[in-house]
Amino acid sequence: KIMIHPKGKLIINGGKLTNSCGEYWQGIQVWGNKNASQFPDANGNYQQGYLELNNATIENAVCAVDLWKPNDYSKTGGILIATNSTFRNNANSIHALHYKNMHPYHPTWEMSYFGRVQNCTFEITTGYIPTNTFYKHVDLANIKGFSFSGSDFTLAPNVVGVSDWNQGIAAYSAGFSVQATCTSPTQPCSSY
């Protein structure tokens, strides 16, 4: 696994992270600080772990991107910005939970979670490793404002190891947005 600690930053441009020996790997953990804002300070530094994916691929992970330190609810709030990237054959691709992004200068204002996924592909293919059952690509719980735009969620037919109750995005007391990509030069968008 890869662990990004609070204040740490990892940017993957065009890279591919995958398994070896035909078994799952643990994926990337982006640790946060439940009591800190996701806004950068005056120098552009974050109090949370920060992951940026640009034209990247993450495949064959138990959880491709876990936006917390598993089993430590004080380490939620990791940041993810993913663009033109592929999440392939992961038992879970994105997991974000139990975090309120409070405005740094107005601590009673809850702001949107810094989680943005744009033009990404989430797919389960016939190459899926069935040792972990696939239930959902994205798992969100008790957060507000995660955004998805222009992304595809697919599941090949007759894949072994997939639950009959599978989902693209599962949300539990969570707010998120899903939008198509606007291809029109005019605003508001006149065509998708």
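Strand E11 (residues 86–88) and strand E16 (residues 121–124) pair in the parallel sense over three bridges, where strands are DSSP runs of E with at least two residues, numbered from the N terminus, and two strands pair if DSSP finds at least two bridges between them. This is a predicted model, in which local features need pLDDT of at least 70 and side-chain atom pairs count only at pLDDT 80 or more, while totals for chains, interfaces and linings use all residues. Residues are numbered from 1 along each chain as its sequence is written, and side-chain values use heavy atoms, with hydrogens and water left out.

**The sheet**

- Strands E11 and E16 belong to an open sheet of five strands, which runs in the order E3-E6-E11-E16-E19 with parallel pairing.
- At the edges of this sheet lie strand E3 (16–17) and strand E19 (152–155), each of which pairs on one side only.

**Residues with positive phi**

- Most residues other than glycine have a negative phi.
- Asn60, although not a glycine, has a positive phi of about 60 degrees, and its place is in the loop between strand E6 (57–59) and strand E7 (65–66).
- Asn60 is buried, with a relative accessible area of 11%, where buried means under 20%, exposed over 50% and partly exposed in between, for a 1.4 Å probe and protein chains only.
- Asn84, likewise not a glycine, has a positive phi of about 50 degrees and sits in the loop between strand E10 (79–83) and E11.
- Asn84 is partly exposed, with a relative accessible area of 38%.

Methods. Helix = DSSP H or I, 4+ residues; strand = E, 2+ residues; numbered from the N terminus.
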